[in-house]
Amino acid sequence: FTVREIHENEVRSAEELWLMSSTKEVLAVTRLDDKPVSSGRPGPLFRRMYALYQEYKATVMRGALSGGL
């Protein structure tokens, strides 16, 4: 894991872009400046990350709320 500056050309040439936050969870960015990101649809890495996050919420987070931890 490395924290570093991301240059604009990296963002504009990315195959997938996501936003992650506590309120939006994992959100695919499909358009940037009114142009499609890659195919303009959520990509396979996004779909996998979204599924893993939903699984985490269902097992870990809800388990903690019900006294599972």
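Q: How many helices and strands are there in the protein, and what makes a run count as one or the other?
A: This predicted model contains two helices and four strands. Helices are DSSP runs of H or I with at least four residues, strands are E runs with at least two, and both are numbered from the N terminus. Along the sequence the elements follow the pattern α-β-β-β-β-α. Residues are numbered from 1 along each chain as its sequence is written. In this predicted model, local features need pLDDT of at least 70 and side-chain atom pairs count only at pLDDT 80 or more, while totals for chains, interfaces and linings use all residues; side-chain values use heavy atoms, leaving out hydrogens and water.

Q: Why is Phe46 called buried?
A: Buried means under 20% relative accessible area, exposed means over 50%, and partly exposed lies in between (1.4 Å probe, protein chains only). Phe46 has 11%, and is therefore buried. Of the 69 residues in the protein, 12% are buried.

Q: Why does Tyr50 count as partly exposed?
A: Its relative accessibility is 36%, so Tyr50 falls in the intermediate class.

Q: What makes Phe46 and Tyr50 an aromatic pair, and why is the pair called tilted?
A: Rings of Phe, Tyr and Trp (its six-membered ring) pair if their centres lie within 6.5 Å; planes under 30 degrees apart count as stacked, over 60 as edge-to-face and the rest as tilted. Phe46 and Tyr50 are 5.8 Å apart, centre to centre, with 35 degrees between the planes, so the pair is tilted. Both residues lie in helix 2 (residues 44–65), four residues apart, about one turn of the helix. The whole structure has two aromatic pairs.

Q: What makes a space in this structure a cavity, and how many cavities of 30 Å³ or more are there?
A: On a 1 Å grid over the protein atoms alone, a cavity is a set of points where a 1.4 Å probe fits but cannot get out, and lining residues have an atom within 4 Å of a point. Grid points are joined across faces, edges and corners, and the volume is the space filled by probe spheres set on the points. One cavity of 30 Å³ or more is present, and the largest cavity has about 50 Å³. Its lining includes Trp18, Val37, Arg41 and Phe46. Strand 1 (17–21) and strand 2 (25–29) each supply at least two lining residues.

Q: Why is Val37 called buried, and where is it found?
A: Val37 has a relative accessible area of 8%, and therefore counts as buried. Val37 sits in the loop between strand 4 (35–36) and helix 2. Beyond its neighbours within four places in sequence, Val37 is in contact (heavy atoms within 4.5 Å) with residues including Leu17, Val29 and Leu32.

Q: Why are Asp33 and Asp34 called exposed?
A: Asp33 has a relative accessible area of 52% and Asp34 has 64%, so both count as exposed.

Technical notes:
On a 1 Å grid over the protein atoms alone, a cavity is a set of points where a 1.4 Å probe fits but cannot get out, and a pocket is an open set with protein on both sides within 12 Å along at least five of seven lines; lining residues have an atom within 4 Å of a point.
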